[in-house]
Amino acid sequence: MRGSTDELDSIQLTELISLVKNLYGFDFMHYSKASLKRRIMRIMQLKKYDFWELKHALINNTAFFQEFLEEITVNVTEMFRDPSFYRALKTQVMPYLATFQRIKIWSAGCSSGEEPYSLAILMQELGYKNKSFIYATDINTEVLQHAKKGIYSLRNIKGYAENYNQVGLPGTLTDHFTIMYDAATVHSELKKNTLFSVHNLISDGAFNEFQMICCRNVFIYFESELQERVLDVFYNSLCNLGFLCLGSKETIRSDYYKKRLKVVNSRENIYQKVG
Amino acid sequence: MDAILRRLNKAEVIFIGGSAGSFSPVFNIVRSLPHDFKQTLVIIIHRGKNNFSDIENLFGNNCRISVSEITDKDKIAAGKVYIAPANYHTLIEKNKTFALDVSEPVWFSKPSIDVTFDSAARTYGAKCAAILFSGANQDGAEGLLKLRGSGALTIVQSPDDAEITTMPQAAIDINAGEFVLKANQILNLMTGNSQT
């Protein structure tokens, strides 16, 4: 069976994409093909499915689709991923944000919640807890359930604490968790100002006005034209002088948006809406 | 060596993978490349996730050609050296652009050499070459085997010449390297010299 899962050709990939779109309404047509192919082949390998078995499972097993969705929308993340990014937020963005009456933040593609909770911790430690609110969205319902619970394995927390320590915040990461056995649960204080909900960047539009949007390491999975469509949603969701943060290896290539989003920090990919 | 050199020169892209002990042989190659280097070099070296751009600066300040860390969707251009960023996997799209990915580490590594080699086998196949240097785990071996299977020229640093033998040995064990050479022989090839 292993040989048959070895290669998935482009025609088969397109067929799967159409199937998923027709059955479940999720459109992966403009996803990065290299990554999508690798993810699907990984599922086939884990499940020991060949192409036909995979199709069969997608058609007949709704529960399998959830698993499939979770696999192909990469959900690997960290708290305070790229500490230098959070340092830049602290020094270059917060002084601006502090001047707004309310700081509404959208964490788009929040996965299991590590990023929105990192932002909530940052806000709290810098003294903006009472005027900030974080909307965290993801395409994936299952992952959002995990995010809402805010329970992380202690082993992961150790790595997150190393990131945190490089940011230069006044506290310690574990101040924000209740630790029991091998799990750490986010304090309810942090959850109070955080709302998790389903939002599909590909099909859903703007839903509020934000002072800052973080969408890091999501664009890497989108082809250029889809990136631009989503960028449009972000642009329309930002207040004037609001900030957009992308992943450090992502970039805005469209001239139209380059004019309207000023680079605040090129290494960390932080932009400010100016036009 | 003449035959290897001819094939190496025909490769559109040369992929280099390495881990512990690979820095200096790779550095020697990059700083020896002429300013009119016609091919593309893509380097995947394991490194810690939070040490930013040290390698790029070090390479960039000592080289005659453009060295840059990969940004998502960069077009793969001739005459350039690209370095895989830490904490991402580097994949290659059919239209010859880079696609980054943050999924699980492979062999505890991100970037994983296997992931890039595997992707290169699919997009470039016989039109590329790959070299695997010293390292302390077996990342890269499977990917190199795929590349060899797709017709690419594959070279492994000779374990007795490598600072840490695990990585090249793993590749040799599964017969992934068509040629096993010392670092200075590889350097000579890369600078267009077939004398050893």
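A residue counts as buried if 20 or more other C-beta atoms lie within 10 Å of its own, as exposed if 12 or fewer do, and as partly exposed in between, with C-beta atoms placed from the backbone. By that criterion, 43% of the 275 residues of chain A are buried. This is a predicted model, in which local features need pLDDT of at least 70 and side-chain atom pairs count only at pLDDT 80 or more, while totals for chains, interfaces and linings use all residues. Residues are numbered from 1 along each chain as its sequence is written, and chains are lettered from A and ligands numbered from 1 in the order in which they are written.

**Chain A overall**

- Chain A has 12 helices and 10 strands, taken as DSSP runs numbered from the N terminus (helices: H or I, at least four residues; strands: E, at least two).
- The radius of gyration of chain A, 20 Å, is close to the 19 Å that the globule rule gives for 275 residues, so chain A is as compact as a globular protein of that length; the radius is taken over C-alpha atoms, and the rule is 2.2 Å times the number of residues to the power 0.38.
- Along the principal axes, the C-alpha atoms of chain A fill a box of roughly 55 × 50 × 30 Å.

**Domains of chain A**

- The domain assignment gives domain 1 (2–72) and domain 2 (83–273); such bounds come from an automatic or database assignment.
- The C-alpha centres of these two domains lie 29 Å apart.
- Their contact takes 8 residues from domain 1 and 11 residues from domain 2, where contact means C-beta atoms, placed from the backbone, within 7 Å.
- Helix 5 (residues 62–72) gives the largest share of the domain 1 side, 3 residues.

**Contact between chains A and B**

- In this interface, 17 residues of chain A are in contact with 18 residues of chain B.
- On the chain A side, helix 3 (33–47) and helix 6 (83–97) are the elements that give two or more residues.
- The largest share of that side, 4 residues, comes from helix 3 of chain A.

**Nonpolar core**

- A nonpolar core is a set of buried Ala, Val, Leu, Ile, Met, Phe, Trp, Tyr and Cys residues joined through C-beta atoms within 7 Å.
- The largest one has 128 residues, of which Ile213(A), Ile43(B) and Ala130(B) touch the most other members.
- This core draws at least three residues from each of domain 1 and domain 2 of chain A.
- Not counting residues up to four places away in sequence, Ile43(B) touches Ile16(B), Val26(B), Val81(B), Tyr82(B), Ile83(B) and Ala84(B).

Methods:
Contact = placed C-beta atoms within 7 Å.
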